[in-house]
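Subject: Handover of a model, with notes

Dear colleague,

I am passing on the structure below, and I would be grateful if you could read the notes beside it.

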Amino acid sequence: MNEQEKQLEEIFSYYDKAEKPAQQDEIISLLRELQELCGFISPEAKRRAADTLDVKETVLTCLIRRFPSLKEADYQHTVTVCTGERCGKKQSMEVLRAVKQELQIDEKTVPGKPMLSKNGRILLKTQNCLKQCRTAPNLMIDGEIYRQVKPEDVPELLSKGWNKR
């Protein structure tokens with residue numbers, strides 16, 4: 001057993017003694033400890049955490065989505081495409097398709113599953129509104145918003161976004 005596995009066992013052992021089912025603050029603490037140790041929360045770690053805390057995996061999934069600092073994959077960048085009503089009327093779905101093509105993400109990605117680039121380094125998300133409706137359609141790369149994006153702008157924006165970091 002390597003050092004990381006020992007530390008994982010120690011973490012799960014500690015939380016196994018907690019009151020069942022666990023309260024939200026305990027769940028978040030466990031998830032943060034797992035991420036700190038491993039860099040992200042793997043599907044196996046999530047399953048084991050759900051068993052340890054006596055909660056459903058879906059509860060963990062919802063909490064991970066609610067807290068942007070928690071992540072289920074070892075990606076380095078996040079791209080968010082606005083799919084709200086105003087952006088939708090101004091080609092946001094075409095922008096989303098262009099991003100998927102550029103990142104080599106399968107068009108048939110299962111809803112609810114993380115949309116990761118082919119190399120696993122970039123997470124693609126959609127959001128109902130980025131609160132920038134005046135400048136639709138909008139795209140966000142690692143927290144920086146790009147406005148009035150056209151599908152043909154996507155390759156340059158993505159490469160510019162990575163070069164800033």
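What share of the contacts in the chain with a separation of 6 or more comes from residues 24 or more positions apart? The share is 59%, where contact means heavy atoms within 4.5 Å.

Before the details, please note that this is a predicted model, in which local features need pLDDT of at least 70 and side-chain atom pairs count only at pLDDT 80 or more, while totals for chains, interfaces and linings use all residues. Residues are numbered from 1 along each chain as its sequence is written, and side-chain values use heavy atoms, with hydrogens and water left out.

The chain as a whole

The chain holds 7 helices and 5 strands, both taken as DSSP runs numbered from the N terminus (helices are H or I with at least four residues, strands are E with at least two). Read from the N terminus, the order of elements is α-α-α-α-β-α-α-β-β-β-β-α. The C-alpha trace spans about 55 × 30 × 30 Å along its principal axes, and 39% of the 165 residues count as buried (buried means under 20% relative accessible area, exposed over 50%, and partly exposed in between, with a 1.4 Å probe and protein chains only).

The sheet

The 5 strands form an open sheet in the order E2-E3-E1-E4-E5, with mixed pairing; two strands pair if DSSP finds at least two bridges between them. Strands E2 (115–116) and E5 (144–146) are at the edges with a single partner strand each, so one side of each has no neighbour in the sheet. E2 runs antiparallel to E3 (residues 122–127), to which 2 bridges join it, and Met115 stands opposite Leu124 in E3.

Strand E1 (residues 77–82) pairs with E3 in the parallel sense over 6 bridges, and with E4 (residues 139–141) in the antiparallel sense over 3 bridges. Thr80 can be followed to both partners, as it stands opposite Lys125 in E3 and has Met140 as its bridge partner in E4. E1 is mostly covered, with 6 of its 6 residues buried: His77, Val79 and Val81 point one way, whereas Thr78, Thr80 and Cys82 point the other way. In a regular strand the side chains alternate between the two faces of the sheet.

A helix pair

The axes of helix H1 (residues 3–16) and helix H3 (residues 43–53) come within 9 Å and cross at roughly 25°; axes here are lines fitted to C-alpha atoms, for helices over the stretch in contact, and angles run from 0 to 180 degrees between N-to-C directions. H1 and H3 are therefore roughly parallel to each other (angles under 35 degrees count as roughly parallel, over 145 as roughly antiparallel, 65 to 115 as roughly perpendicular and the rest as oblique). Where the two meet, Glu9, Phe12, Tyr15 and Asp16 in H1 face Ala45, Arg48, Ala49, Thr52 and Leu53 in H3.

The cysteines

How many disulfides does a search of the whole structure find? The search finds 0, a disulfide being a pair of cysteine sulfur atoms within 2.5 Å. For Cys82, which is buried with a relative accessible area of 2%, the closest cysteine sulfur is that of Cys87, at 3.4 Å, which is too far for a bond. For Cys133, which is partly exposed at 25%, the closest is that of Cys129, at 3.8 Å, again too far for a bond.

With kind regards
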